[in-house]
Amino acid sequence: MPVGRYIAMVGFLVWRRGDGRYLLLKRSLDKDFEPGEWETGSGRLEQGEGFAEALKRESREELGMELGAECIVGTTHFYRGEQRPENELVGVIFGCSVPDDTEFILSEEHTDYRWMTADEARDFPQQDHWLASLIEQADKFRQSIPCEMREFYQTGDFEF
């Protein structure tokens, strides 16, 4: 068992390449932090693990597939509980894409999922939810890719 505490997390927002819908996951009710909330895939870094390594491990654990990052969609700084140094986490949220026909295996971490457009996610699960601004940021990235690069990004044959 690792000694020390978790100080960093990794998140991953997944979108389908063809229709641009984003994957939202509902946390299991038995989770110790924000049970039943909608989120992206995420998890804490293991001791000595890098962000890219954690992305691959967490996506395997939560979706049964290994994702690679296309961009950094955002960063985060929050507390799991009271605002004390031992509860503080910082993190990186990566943007990742999959082909439209990609199947995944939902782990016990989550009880439900939805594929949504940015417009559909704007008020889901509630107005001003942090997911809406994260998806808006990812949508800006996706729309800013020059036409000649879109085909390259749609292959998924690259790693951030």
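Me: Which side chains meet Arg16 or Asp19 in a salt bridge?
Reply: A salt bridge is a side-chain nitrogen of Lys or Arg within 4 Å of a carboxyl oxygen of Asp or Glu. Here the side chains of Arg16 and Asp19 meet each other, at 2.6 Å from N to O. This is a predicted model: local features need pLDDT of at least 70, side-chain atom pairs count only at pLDDT 80 or more, and totals for chains, interfaces and linings use all residues. Residues are numbered from 1 along each chain as its sequence is written, and side-chain values use heavy atoms, with hydrogens and water left out.

Me: Is Arg16 buried or exposed?
Reply: Buried means under 20% relative accessible area, exposed over 50%, partly exposed in between (1.4 Å probe, protein chains only). Arg16 has 15% relative accessibility, so the residue counts as buried. Asp19 is partly exposed, at 34%.

Me: How many salt bridges does the structure hold?
Reply: There are 14. In one of them, Glu58 meets Arg57 at 2.8 Å, N to O. Both residues are buried. Arg57 also pairs with Glu61, with the closest N and O atoms 3.2 Å apart.

Me: Why are Arg57 and Glu61 separated by about one helical turn?
Reply: Because they sit four residues apart in helix H1. Helices (H or I, at least four residues) and strands (E, at least two) are DSSP runs, numbered from the N terminus. Arg57 is buried at 12% relative accessibility, while Glu61 is partly exposed at 44%. Shared partners join Glu46, Glu49, Arg57, Glu58 and Glu61 into one salt-bridge network.

Me: Which residues lie nearest the centre of the largest pocket?
Reply: A pocket is an open set of points on a 1 Å grid where a 1.4 Å probe fits, with protein on both sides within 12 Å along at least five of seven lines; lining residues have an atom within 4 Å of a point. Met9, Phe33, Glu39, Ser42 and Phe78 lie nearest the centre, out of 27 lining residues. E5 gives the largest share, five residues. The volume is about 620 Å³, counted as the space filled by probe spheres set on the points.

Me: How do the residues of that lining divide?
Reply: Nine are nonpolar, seven polar and 11 charged. Charged means Asp, Glu, Lys and Arg; nonpolar means Ala, Val, Leu, Ile, Met, Phe, Trp, Tyr, Cys and Pro; the others, Gly among them, are polar.

Me: What lines the largest cavity?
Reply: In a cavity, the probe fits but cannot get out. The lining here is Val14, Leu23, Leu63, Met65, Leu67, Val98, Thr102, Phe104 and Trp115. Eight are nonpolar, one is polar and none is charged. The volume is about 30 Å³.
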